[in-house]
Amino acid sequence: MSQQWQERYAASVMNTFGPPKLVLVKGEGAHVWDADGKEYVDLLGGIAVNALGHAHPALVAAVTEQLGTLGHISNFFTSTPQVELAERLLSLVGADGRVFFTNSGTEANEAAFKLTRRTGRTHLVAAEGAFHGRTMGALALTAKEAYRTPFEPLPGNVTFVPYGDEAALARAVTDQTAAVVLEPIQGEAGVVVPPDSYLAAAREITRDNGALLWLDEIQTGIGRTGRWFAGESADPDVVTVAKGLGGGIPIGACIGLGDAATLLQPGNHGTTFGGNPVACAAALAVLDTIEKEGLLDHATEVGQRLRDGLAQDPRVTEVRGRGLFIGLDLSEPVSAQVAAAALTHGFILNNPTPERVRLAPPLVIGHDDVDAFLAAWPAILDDAYGGLR
Ligand SMILES: *Cc1c(COP(=O)(O)O)cnc(C)c1O
């Protein structure tokens, strides 16, 4: 079955992602099934999206009920889920502000990019290794040459600095800088955690220069790291979120705080779908469920067990991350082989760089699935490293 769907995919879907690794037909909790009936434990969660796993009853009910009540209205109007979600996000951030809703992470960053232009300055500082999305503005802030080069010239005046280096950041930011954009933990780079003092230093440097501090929490936000936001103590001006927010329903948000809340004025930006009642109802259900099921503490506890277990194997040279946002380095550049071997063993994980493996499982993942994965881990590495020789 899978083979036939792969062929139809290749003949009908634009080849921007390479061949899909699986044809999936069903999911429940942290488990998915492919078109041939094989079951997998999903340790990637749709790239840090499926916070509640697959087919969580609370999410299914919220979306079904909202779609049956009021599905879409445009931004000439508002809906009660939209207002409730905006209030809720601001209360989670713990500061006064205003929210602009989008359908994706890259769009949340486009909104933030435009917001920074309203400071009257155009210079931006971003980090090497950063990923902020694939639309032209977000791409201008994304360091990776392979993503950028085919599409240059990109908008903006962007300086890239080594991630985690406070002195380099201090040198790059001037009184012409509109904003510094940082991931609190870099995701696509392979879950890279900066020094503890880095975000606080970024706050100080931006404040001293009258620049905005913009945290891209698209991958780290909404409980992924065992907290609502990974950079919540840094007192940012702008926070962008997406991925986990809708638990699989597309939604993102650009959150402006303090004075940054009012930089975008009527007519400055817009979207047809953003803040759609169904997406907002989904996000409210995700936030409610994270709270009700105690998933922040669960992510912290299960994540620690996973990191400890993964680090036992000598072929793993470093394990990083917080909560259920986990990256590890291998002693050889065999992450693609590790991901392939894991699939054979019935586990989905990700290889963001040749040496690095990333895990971002649903926040609801159970101890039984973690045990099964850790039990299979040495054999997965055996297969991957054996394939080397
Ligand atoms: C995934 C991601 C984006 C882009 O989000 P999309 O929904 O894929 O557009 C931006 N920033 C970070 C940190 C991300 O992880």
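**Note on the predicted model: sheets, ligand surroundings and cysteines**

1. In strand E13, phenylalanine 347 is the bridge partner of valine 41, and E3 and E13 pair in the parallel sense over 2 bridges, where two strands are said to pair if DSSP finds at least two bridges between them. Residues are numbered from 1 along each chain as its sequence is written, and side-chain values use heavy atoms, with hydrogens and water left out.

2. The pairing of E3 with E13 belongs to an open sheet of 4 strands, in the order E1-E2-E3-E13 and with mixed pairing. Strand E1 (24-28) and E13 stand at the edges with a single partner strand each, so one side of each is left without a neighbour in the sheet.

3. Helix H12 (residues 335-344) has as its buried residues Ser335, Val338, Ala339, Ala341, Ala342 and Leu343; buried here means under 20% relative accessible area, exposed means over 50%, and partly exposed lies in between, with a 1.4 Å probe and protein chains only. The elements covering these buried residues include strand E3 (39-42), strand E12 (325-330), strand E13 (347-348) and helix H13 (367-386). After H12 comes glycine 346, which has a positive phi, near 90°.

4. Strand E8 (residues 212-216) pairs with E9 in the parallel sense over 3 bridges, and here threonine 240 in E9 is the bridge partner of aspartate 216. E9 and E10, by contrast, run antiparallel and are joined by 4 bridges, with isoleucine 255 in E10 as the bridge partner of valine 239.

5. Alanine 112 has its place in helix H5 (residues 105-117) and is buried, with a relative accessible area of 0%. Not counting residues up to four places away in sequence, alanine 112 touches Trp214, Val238, Thr240 and Cys254, a contact being heavy atoms within 4.5 Å. Between alanine 112 and alanine 167 there are 55 residues in sequence and 25 Å in space, C-alpha to C-alpha.

6. Which residues are around the ligand? They are Ser104, Gly105, Thr106, Asn109, Phe131, His132, Gly133, Glu183, Asp216, Ile218, Gln219 and Lys243, where a residue qualifies if one of its heavy atoms lies within 4 Å of the molecule. A polar backbone atom of glycine 105 is 2.8 Å from an oxygen atom of the ligand, and a polar backbone atom of phenylalanine 131 is 3.3 Å from a nitrogen atom of the ligand.

7. In the model, a polar side-chain atom of lysine 243 lies 2.6 Å from an oxygen atom of the ligand. Lysine 243 is found in the loop between strand E9 (238-241) and strand E10 (252-257), and is partly exposed, with a relative accessible area of 21%. Leaving aside neighbours within four places in sequence, lysine 243 is in contact with Ile47, Ala48, Val49, Ile218 and Gln219.

8. Histidine 132, another of the residues around the ligand, lies in the loop between strand E5 (123-127) and helix H6 (136-140) and is buried at a relative accessible area of 3%. Beyond its neighbours within four places in sequence, histidine 132 has contacts that include Thr106, Asn109, Glu183 and Asp216.

9. How many disulfides does the model contain? The count comes to 0, a disulfide being taken as a pair of cysteine sulfur atoms within 2.5 Å. Cysteine 254 is in no disulfide, and the nearest cysteine sulfur, that of cysteine 280, is 15 Å away, which is too far for a bond. Both cysteines count as buried, cysteine 254 at 3% relative accessibility and cysteine 280 with a relative accessible area of 0%.

Note on methods
This is a predicted model: local features need pLDDT of at least 70, side-chain atom pairs count only at pLDDT 80 or more; totals for chains, interfaces and linings use all residues. A polar contact is a pair of N or O atoms within 3.5 Å; within protein, one must be able to donate a hydrogen and the other to accept it, and residues adjacent in sequence count only if both atoms are side-chain atoms.
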